[in-house]
Amino acid sequence: MKNKMFRPFFGALAAAAMMLPCGSITASAERQYTNCIQNCGVYDVQGILTDSERELANTRIQALSETIDMYVAVYIYGPETVFYGDNDVENTADNNYDELFNPQYGVDTDGILLLINNSTKYDYISTSGKGQFYFYNGAEDNRVDEIFDYMWDHILAGETYAAIEDFCVVTERLYQKGVPDHAYVYERDTDQYMYLKGDQLIKADSLPWWFRFRLFPALPMGLIIGLIVCLVSNACIKNSYKFTKALTPTNYISQNETKFNIKEDMFIRQYRTRTRISSNSGGGGGGGGSSHHSSGGHSHGGGGRHR
């Protein structure tokens with residue numbers, strides 16, 4: 001009965017949580033260096049595409065860059081390229097982005113780069129600046145995985161041009177969705193957090209209190225509503241169940257027919273419950289996104305997938 005009494009209270013809390021604003025952060029991106037805009041395009045290292053496909057893909061990438069106001073590039077490597085493991089692929093993608101779009105150390109431009117790897121079959125997406133938020137790799141909203149999902153059939157089939165077209169379609173769609181709510185990125189190389197405050201990308205040693213406790217404004221209203229509902233429910237329940245005399249277990253025993261000579265507590269089975277206590281103190285960003293540094297010192301997010 002007690003559980004039923006508190007159900008309205010928890011329902012009210014859930015309703016209050018639903019009253020929170022759920023719109024995406026719509027911080028606009030910006031291509032900081034106009035001389036780098038011309039570098040947006042397709043880099044077909046071993047000539048996988050035909051000449052006409054390469055021309056169409058370049059036009060498509062440049063149009064996407066203009067639409068989302070970010071730097072965009074695609075690198076295609078053939079079987080002849082030698083990669084020494086997945087980390088080498090990741091580093092190559094990050095460094096390619098830096099060479100194209102990060103002309104100054106310490107300034108991370110906004111953008112995304114796709115590396116199609118026909119050598120070791122580990123494809124990779126590198127993101128930079130606000131691209132780490134629009135194309136988020138967080139645990140609860142992994143948009144890097146979403147990009148791979150959208151173009152995966154064409155990648156597996158070796159249809160590279162079609163995969164690039166898919167990449168452009170889903171990238172533009174994700175940008176139009178805006179930044180996920182409560183998105184933040186943990187930068188493991190510096191042990192810092194990144195988040196967007198309005199249109200500004202902020203780096204700090206920890207997330208601000210208002211970022212971690214965005215539910216706080218709705219809690220007072222939820223508590224008030226829950227308290228009122230709980231009190232009303234209690235009153236109704238008390239009126240429905242009225243006993244003239246308090247009952248004890250002896251009320252259900254016939255004294256004329258039941259007699260206990262010996263009383264023992266017997267346990268047929270023994271159960272032991274163990275609860276693991278995590279030693280993780282929270283380092284690593286929790287459920288947020290993650291990033292790392294390239295060899296040039298720039299921050300990059302993203303992720304890869306094996307075929």
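Tutor: What follows is a short chat about this structure.

Student: What kind of model is this, and how are residues numbered?
Tutor: This is a predicted model, where local features need pLDDT of at least 70, side-chain atom pairs count only at pLDDT 80 or more, and totals for chains, interfaces and linings use all residues. Residues are numbered from 1 along each chain as its sequence is written, and side-chain values use heavy atoms, with hydrogens and water left out.

Student: How many helices and strands does the protein have?
Tutor: Eight helices and nine strands, taken as DSSP runs numbered from the N terminus (helices are H or I, at least four residues; strands are E, at least two).

Student: And what share of the residues is buried?
Tutor: Of the 307 residues, 39% are buried. Buried means under 20% relative accessible area, exposed means over 50%, and partly exposed is in between (1.4 Å probe, protein chains only).

Student: Which cavities turn up, and what lines the largest cavity?
Tutor: The count is one cavity of 30 Å³ or more, and the largest cavity has a volume of about 40 Å³. Its lining is Ile116, Asn118, His154, Ile155, Gly158, Glu159, Thr160, Ala163 and Arg307. Helix 5 (143-156) and helix 6 (160-177) are the elements that give two or more residues to that lining.

Student: What counts as a cavity?
Tutor: On a 1 Å grid over the protein atoms alone, a cavity is a set of points where a 1.4 Å probe fits but cannot get out, and lining residues have an atom within 4 Å of a point. Grid points are joined across faces, edges and corners, and the volume is the space filled by probe spheres set on the points.

Student: Which side chain does Asn118 make a polar contact with?
Tutor: The side chain of Arg307, at 3.1 Å. A polar contact is a pair of N or O atoms within 3.5 Å; within protein, one must be able to donate a hydrogen and the other to accept it, and residues adjacent in sequence count only if both atoms are side-chain atoms.

Student: Which residue in that loop has a positive phi?
Tutor: Lys121 lies in the loop between strand 3 and strand 4, and its phi is near 65 degrees, a positive value in a residue other than glycine. Lys121 counts as partly exposed because its relative accessibility is 36%.

Student: Back to helix 6. How far apart are its end C-alpha atoms?
Tutor: They are 26 Å apart, which agrees with the 26 Å that its 18 residues should span at 1.5 Å a residue. The expected span is 1.5 Å times one less than the number of residues.

Student: What do the buried residues of helix 6 pack against?
Tutor: Their partners include strand 1 (41-44), helix 2 (51-68) and helix 5.

Student: Where does Arg143 sit, and is it buried or exposed?
Tutor: Arg143 is found in helix 5 and is buried, with a relative accessible area of 2%. Leaving aside neighbours within four places in sequence, its contacts (heavy atoms within 4.5 Å) include Tyr134, Leu174, Gly178 and Pro180.

Technical notes: On a 1 Å grid over the protein atoms alone, a cavity is a set of points where a 1.4 Å probe fits but cannot get out, and a pocket is an open set with protein on both sides within 12 Å along at least five of seven lines; lining residues have an atom within 4 Å of a point.
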